[in-house]
Amino acid sequence: MKIKPLSLAVAALLLCSPSVFAADNQPELSQRDVTLLTVDGLQFKDLDHSGKLEPYEDWRLTPEERAADLVKRMTLEEKAGVMMHGSAPTASSPVGAGTHYDMAAAEKMIAGAKVNSLITRLSADDPAMMAEENNKLQQIAEKTRLGIPVTISSDPRNAFEYLVGASTSSGKFTRWPETLGLAAIGNEKLTRRYADIVRQEYLAVGIREALSPQADLATEPRWARISGTFGEDPTRVHNMVRGYIEGMQNGPDGLNQGSVISVVKHWVGYGAAENGFDSHNVYGKNAVFPGNNLKEHIYPFTGAFEANVASVMPTYSILKNVSVDGKPLEQVGAGFSHQLLTDILRGQYGFKGVILSDWLITSNCEGECLNGSPEGKEPVPGGMPWGVENLTPQQRFVKAVLAGVDQFGGVTNSQLLVSAVNERQLTGQRLDESVVRILEQKFQTGLFENPYVDVQKATQTVGRADWQKEANAAQGHALVLLQNTDDVLPLKKGKKIWLYGIEPQAATAAGFTVVDAPEKADIALIRAHAPYEQPHKAWFFGKRHHEGSLAFTGDNADYQAIVKASKAVPTIVTVYLDRPAILTNVKDKAKVIIGNFGVSDTVLFTRLTRDEAYTGKLPFELPSSEEAVLKQQSDMPHDSESPLFPIGFGLAR
């Protein structure tokens, strides 16, 4: 049967339009202060307290219709507030860490500055408490003039290690390997499943936006942000990103009422960090492309576009001396680049969602932010206005909006946008475009109808035992067997074992006898961390980032344990690979080397004693020397000379 194009178009409209199929399907409503209106036997929330049903309150209309109506009702101050994405405040931390919000400060943000997108960095050690704290934010929002709910976002929080400004401690959430581990497994379906479980945990505590995944290509092996990526193979990163977004957004077709908004980052070229230094820091503000390879860094983002990703975050980095289509890029961070955001992202790739800036790009970087804190003083974060340092904060807002940014991460000074419009530096129409994009996503995800969460359900959902079982399996499958000399593996239970970095209880539970010296043991098991340096401890992020050399040196405590043990007994070393470690001087000492991307002691022992093939493959190459690292090109994947272990390497036994 031939289907006419018109019939296809009508069918598509019927399938996607809530106004056709959901007209009489009463959604669940949750509220604490507003009253309910009954119209045609159906219930609606009286968000503006007018006593009558307004179009934006009518869930029978499309998100586009509702957003168009709401934006017409908003003041300039309210619109500017929607374009801010603040940090939900706590009394104890400048970045919002802790267990409870500072509700007085939150009220100033939400009711005062009209901000209704906030990142949470609360601990998830008590999911019910976290859920109720998020409910309290929604209650503040519900009392505002138009009742616009808060979109609560989060950095990743389901892995073993975390870094302020990049990820959050897992607490009671399921604990998986890093995304590098998912890349080592290489199964897009599993990555989709992982993100689907994380989505359900997020929704249970009231998180509606994921500041993830990273589609950055990890081509510079010294870079401090590799652990949050899917590695350096463009095709694998593309596929993993696509699977992640489909899981997080509850399907491949864009946002729906079961979605968590996904923000793919960092557009584009972030992984080509000059000298491996990260562009959170002034000394790392450049990405370099000696191989002229920006095109390959763009490709993984097309996986996000295929999955209809809702939002994109631009990189802090300046793409140093790069030209695109023969035109030199303006030497500014991507959040200020009209070429990268409007010409390429929206123009060439047709992206229609929200562009959310990375944190603090409009803030100043001066004094200690530029030069580091004096000795003895704890460094504090500064701004990242790379390439526009000489502009005022208001001028930076204007430049970023004109470049294509819709929302600003980490700031709440919305009055600067108001002033920019009043001073005719920006038009009200341009603000409306951004506000409508942001509001449509709130409507698409059902946030206006049901912003509150059941605190008891949060406890039952977060960290579910059956989900953690799946996460444990992923931890094991992500292990990469790099060396198994003399068939030391699988380990036979009953042996005497010397441990370093491993809990003795896990060894005892696995059937081993723990001894206090290598000389008394049959086998040694060492947990090591990929080497790093911290030459920039006077900077807030420099103090937290792993920078510099990838090689084990004689003063490295992990390496000293390897040398000590290997002289006395066959030694197994598992190395946490948050960066591609140089293992040349470990390979000749350890009998067994296993790369891990986050694995519990219990899962590790299960894997070491099981006679099954290892299936994990390296998501990046492991260089053979620091000299080879210095010679490779920062923008080119797996290009170091004579790598010790090539990308994709992994023994079965």
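Axes are lines fitted to C-alpha atoms, for helices over the stretch in contact, and angles between them run from 0 to 180 degrees between N-to-C directions. The structure described here in these terms is a predicted model.

The account opens with a pair of helices. Helix α8 packs against helix α9 (residues 234-248) at an angle of about 35°, and their axes lie 7 Å apart. The crossing of α8 and α9 is right-handed. On the α8 side, the residues that meet α9 include Glu 188, Arg 192, Tyr 194, Val 198 and Tyr 202. Among their counterparts in α9 are Asn 239, Met 240, Gly 243, Tyr 244 and Met 248.

In soluble globular proteins, nonpolar side chains tend to be buried together. The largest nonpolar core of this model has 127 residues, of which Leu 70, Val 264 and Trp 267 touch the most other members. Helix α8 (residues 188-205) gives the most to this core, contributing 8 residues. At least three residues of the core come from each of domain 1 (55-371 + 384-461) and domain 2 (465-631).

Two sheets may be considered next. Strands of a sheet pair through backbone hydrogen bonds, either parallel or antiparallel. Ser 153 stands opposite Glu 209 in β8.

Another open sheet has 6 strands in the order β17-β22-β21-β20-β18-β19, and its pairing is mixed. Here the edge strands are β17 (480-484) and β19 (513-515), each pairing on one side only. From one strand to the next, the twist averages 25°. Strands β21 (residues 571-576) and β22 (residues 592-596) run parallel and are joined by 5 bridges. Val 573 has Ile 593 of β22 as its bridge partner.

Helix α19 (residues 557-566) lies across β18 (496-500), β20 (523-529) and β21, and runs at about 165° to β20. Helix α21 (residues 601-609) lies across β18, β20, β21 and β22, and runs at about 135° to β20.

Notes
Residues numbered from 1 in each chain as written. Predicted model: local features only at pLDDT ≥ 70, side-chain atom pairs only at ≥ 80, totals over all residues. Heavy atoms only, no water. Core = buried A, V, L, I, M, F, W, Y, C linked by side-chain atoms within 4.5 Å. Buried < 20%, exposed > 50% of the residue type's maximum accessible area, 1.4 Å probe, protein only. Helix = DSSP H or I, 4+ residues; strand = E, 2+ residues; numbered from the N terminus. Domains from an automatic or database assignment. Pairing = 2+ DSSP bridges. Contact = heavy atoms within 4.5 Å. Left-handed = near helix turned anticlockwise from the far one by under 90°.
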